[in-house]
Amino acid sequence: MTEIKFVLNGENVTIDVDPTKRLLDVLREDFGLTGVKEGCGEGECGACSVLVDNEIVSSCLMPVGNAIGKDIVTIDGFSKTERYRVIHGAYEDEGAVQCGFCIPGMVIATESLLNKNPNPTEEEIRDALSGNLCRCTGYNMIVTAVLRAAERGRGLW
Amino acid sequence: MVRSFIPGTYEEALGLLDENKMILMAGGTDLMVKKRNWAGLSPLFDRDVLFISELAELKYIRKSGGFLHIGSMTTLEDILVHKQIPEILKVAVRLMASPGIRHIATIGGNIGNASPAGDSLPVLYILDAKIVIDGKGTERMVPIEEFIVGPGKTVLADREMIKEIVINDVRFDKLHYCKIGGRKSDAISKVSFAGGISYRKGRIEEFRCAFGAVAPTVVRSRSLEASMKGLGTEGIESVRNEVKHGYNELIRPIDDQRSTAVYRKKVCMNILDEFFDKAGDSK
Amino acid sequence: MRTLYFKMSRRGIVLKEVSMNDISRPINKLDTYGKTSGSIEYIGDMKVEGALHARTLRSTMARARIREIRFPEIPDGYYIIDRNDVPGRNRVKIIFDDMPVFAEEEVRYIGEPILMVVGEDRGVIREIVEGIKVEYEPLVPEFDYVKSVVHYDYEKGNADEYFAGDKRIVNGEYRTGYQEHIYLEPQGIIGIFEDGKSTVIGSMQCPYYIKNAVVQAMGLEPDKVRIQQAATGGAFGGKEEFPSLIGCQVAVASMKTGRPVRLIYDRVEDIESTTKRHPSLIKFQAAIDGDNNISAMRVHVSLDSGAYIGLSGVVLQRAMIAASGVYTIDNLSVSGDVYETNTVPNGAFRGFGAPQMFFAIEMFINHIAKELGEDNLAFRKRHLARQGDATSTGGKFRDPIIMNEMIEKVMEISGYREKVMEYSKPGDFRGIGMSWFLHGCGFTGSGEQKHIKGVVRLQKNKDDTVTVLAANTEMGQGAFTTLRKIAAGILEIPVDRVIYNNPDTDLVPDSGPTVASRTIMVVGGLIARAALKLKEQWIDGKEILVEERYRQPDYVEWDDETLTGDAYPAYSWGVNVAEVEVDRATYEVTVKKLWGVYDVGKAIDERIIIGQIEGGLLQGVAYGTIEVMDAKDGKLRQRNVTDYIIPTACDSAPVESVIMDNPFPLGPYGAKGAGELPLVGGAPAVALAIENAIDRNVMKIPATPEYIMELLENDRD
């Protein structure tokens, strides 16, 4: 057990935990942040996506020991922001959400992309979402939603 | 229960490494899957764990002479965006992993994992990568083809770690990179290929190529490459079949849950043909 | 740059007004915020006070007798749950009750649940599971199509007569592989036992299926069993009957332990041990007359059910009924067998036997045309069913069939005619293919009337909101929104004044399962009728309850024994075009673009239908190309999402879709079924496109690069 300190959804946190434990488990169970999902446990599906220093990371692959000093944002925290409101609005207006299980990960992927590239092309969007699997939508409506978010969020990113 | 060590400096890390036999935790993208346990339970490590991915001293990309020095804990994402990294390595990195993995996976971890299907490997082979190993009080440099000795096996001994990767800053006139997976992105390779050619006065100066996922380790043949040196368009045609035959002997793919030996072999030969076509095309 | 082209207006409107005249106009779905913010709780997110964790111990043998099970020391507070703890019948109630809740003397597949270990600490549970030693006495497993456990056949006309004598006969044999659902949310369920009552909460499609199963396994009265659906992260048929098994297991466990029991699968466990699409082998013989038309066909369908039959008989029926595809063949002799093998049991998956058959029949009809030297478009059109024709089982296509219009439309928007000529040139590795398909809406035959007998209620509340009481589940397909739209439109109240909650069997009647493309047509139809009733009785401020029961349309006549008559009350129709390019060096297929034109009667919400189209079509295309799953000696070779490949955002192609207007008089607002249809056409369209690209016959799916290489290389000899 080691003391691990990082920033979680804007707040400084400290936790005494086995550093090899998956960040996913620490977030869901120790911090009760169930917006982060487990879809596969092998880094393929992206349902566990979080932002680490503003970049998308599959939290099922990251040992919490590597989180020391990092700025971690989960969907639970991100959903309180203005950028989220724009992304949510775009996803809703484009009908991009079906069962919803992949969606927190998709929203995180959207933020990670727009943060680096506020005006992505369709190809860049697909590449940015390539680590987030969706079985319901066929992806096209999600891609359109990201384009819409980029359009509407001019100035935010 | 296993202990975890999270050193603050590289010095500290080396010191800890010297004391104990430990498992090196870089980004975790391979290890956390290999050793995974049920949800909520710690991974199944059978010895102490040394966390090295956050060591700032190992995160760098520096040009020196005709070489590029890459710290072992440089992430794949950093490699993707850095100006000095050769294009062919960037192509390989973009195709090999999703953003959620690239942001934490390290080049050192990828090499240390030594997967026969590792996508960065064929590129590193043709860039004459050398692995700088540190530990037990000394540093040594080993060419990558001697560093990786089998599927998942390297010459890294206990109490050693990868410090740096050195690649030739060679600029090819023509590049050919192919990755064949089960889908367009984020897939384990069935076959991968990296090739580069440079010319001097219309004749081949450098001809290099390497195949991944079709043998226990990456296939590269300096002797076959040497036979291409100095050739012009007609010369290339005259040796094509012989050289193809040479590679055919070296490529030993298997049947597995992803693909078949017969397919892998045929595709390698087809890609080689494409590469030869590119080589002979004087434009 | 690829363009995303979508025919209808996709922009949802924020106002939740629904007009009866404009039911198709999209509105924003009503449950989006919970999903984008991560605040909606799926079963794995729920915290239940005092819950114990459960883990299943599974057979490692494909077929064996259990000689002995040796247990390590079990600490206090930890329990072993097995067949001895099942108070009622140790069989999971599905259509054919052969699957045990926990294995008995014999195990029949690798992964079969033998027992569960339950307790507080997962680390301890793991130690116990690892410490349990099962001693097996191996038996000889069967993996081929040998042991038939279900057989059906039916006749139309007199096929034998047309095969007699010196006739030209064309043969075809087609194979399809497994398909795994890969719903993003793995299976999960919680059982609670309190005061003699068993409650089960979980990710599911059919609360009443689970209720009936738990009643049987627990030996309880129906009022002592309560099932609640949790938000469900995708299903596609994979949560139709499978949750009945785990529902029984946690019900038993919670009763034995006196604590709630939580069973959440991890992905590998889910892939290895849950139901999949039945692999198939379909054989055809067609007798050709003097005019080069098909006078008769003989068809045999073989399905691999895995170790238990479950629903396989119904899947077989649907596949067999689809034997003549969208074509009218006057003389048919169709038979089918379900073969039991010692592999993981197979079950429901979107399409339910139709995707297998439509791949086979579409390829076959094209292969016949090729063999006869006929233009394939003209040949298919000659045989295309028309309104009034007899169906495969001797029923009738009563409603208008607008396929000719749809075919013209899809060819126009895809440029099919020009491209098929262009791409047919030798050496051109581009290809275009067109599939024609239908899907019978609702349960096969007399299922609705005899077995389901759906009931729906509308509860008008004092505040003039209306609660729809039905057992149908939202799993991403938009039922929450469409069913509410139907009620709101008829009652002429805003959609957000109509309430629909995740079904709880204590509160809602059994309106039937959320399967078989019946939710909008059948259940929506019941809601519509109930709404009309309620509208007539409406009094502001008053509480009113109305009920509506399913009545089979008089014209539907079906004989379960001979499989003759009207198999379905209505049919939805579709056409797909796929354009591909095959890489010469690697044989990989790139899908460039997809087109679809669909007749689902009436779209209750155009954009929700488009969502079903795009998702279903990609599943169908991937079923035809990249989704590879095979078994060796009863063990699946692809057991995680790294090895079982589904499309990513880089693999999906632009989709252009058109929804036709062809209202069905007995559907709400004219709607027919739409959930499964979009998947059915995907594989044949892409397989036909690959054929066009490589100029070889594709006889099986998935048409992998390895298979394409074989087709191209073997010809050289």
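Predicted model: local features only at pLDDT ≥ 70, side-chain atom pairs only at ≥ 80, totals over all residues.
Trainee: Which residue of chain A meets Glu77(B) in a salt bridge?

Mentor: The rule finds 5 salt bridges across the interface of chain A and chain B. A salt bridge needs a side-chain nitrogen of Lys or Arg within 4 Å of a carboxyl oxygen of Asp or Glu, so Glu77(B) needs a Lys or Arg partner. Here the N to O distance is 2.9 Å, and the partner is Lys116(A).

Trainee: Which helix of chain C gives the largest share of the lining of the largest cavity?

Mentor: That cavity has a volume of about 620 Å³. Its lining has 41 residues, with Met475(C) and Val515(C) among the closest to its centre. Helix 7, helix 13, helix 14 and helix 15 of chain C each give two or more residues. The largest share is 3 residues, and that comes from helix 15.

Trainee: How many charged residues are in the lining of the second largest cavity?

Mentor: This cavity has a volume of about 160 Å³, and 20 residues line it, including Ile321(C) and Tyr571(C). Strand 16 of chain C gives the most, with 3 residues. By class, the lining has 11 nonpolar and 8 polar residues, and the charged count is 1.

Key:
Residues numbered from 1 in each chain as written. Chains lettered and ligands numbered in written order. Heavy atoms only, no water. 1 Å grid on protein atoms, 1.4 Å probe; cavity = no way out; pocket = protein on both sides within 12 Å on 5 of 7 lines; lining within 4 Å. Points joined across faces, edges and corners; volume = space filled by probe spheres on them. Helix = DSSP H or I, 4+ residues; strand = E, 2+ residues; numbered from the N terminus. Nonpolar A, V, L, I, M, F, W, Y, C, P; charged D, E, K, R; others polar.
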